[in-house]
Amino acid sequence: MILTRGKIKEEMQKGGIVINPVPADDQIGPGSVDLHLGNIFRKFRSSKETVFDVTDDVDAASLTEEVMVNDGDSILIMPDETVLGVTRERVTLAPYLAAWIE
């Protein structure tokens, strides 16, 4: 189930969804919250032939390198390269909620 705007706001008021800094009202859509892409990215160090074991103790820093992009600059993503973007907001969800970022 996707939460509606009203339910998102309700969850934010009761602490089920915590977003810091708190989003402006116009960032909360009919079934989503708009986040801001930050200046930090993480590029995977290995090539496409590498297999990553995903476990509870895996650390993104050991598999990626941090890339800082200044405001107004850009980041070049090569074919077959995976890059993770870090949002300006920190989002915490209650255990009964799930979310995706796209």
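Modeller: A residue is called buried under 20% relative accessible area, exposed over 50%, and partly exposed in between. The model is predicted.

Biologist: Is Glu81 buried, exposed or partly exposed?

Modeller: Glu81 has a relative accessible area of 27%. Buried means under 20% and exposed means over 50%, so a value in between gets the third label. Glu81 is therefore partly exposed.

Biologist: Which residue forms a salt bridge with Glu81, and how many residues apart in sequence are the parts that the pair ties together?

Modeller: The partner of Glu81 is Lys43, with the closest N and O atoms 3.8 Å apart. Glu81 lies in the loop between strand S3 and strand S4, and Lys43 lies in strand S2, so the pair ties together parts whose separation in sequence is 38 residues.

Biologist: Which residues are linked with Asp25 in a network of salt bridges?

Modeller: Asp25 forms a salt bridge with Lys9, the closest N and O atoms being 2.5 Å apart. Asp25 lies in the loop between strands S1 and S2 and Lys9 in helix H1, so this pair ties together parts 16 residues apart in sequence. The residues linked with Asp25 in the network are Arg5 and Lys9.

Technical notes. Residues numbered from 1 in each chain as written. Predicted model: local features only at pLDDT ≥ 70, side-chain atom pairs only at ≥ 80, totals over all residues. Heavy atoms only, no water. Salt bridge = Lys/Arg side-chain N within 4 Å of Asp/Glu carboxyl O. Helix = DSSP H or I, 4+ residues; strand = E, 2+ residues; numbered from the N terminus. Buried < 20%, exposed > 50% of the residue type's maximum accessible area, 1.4 Å probe, protein only.
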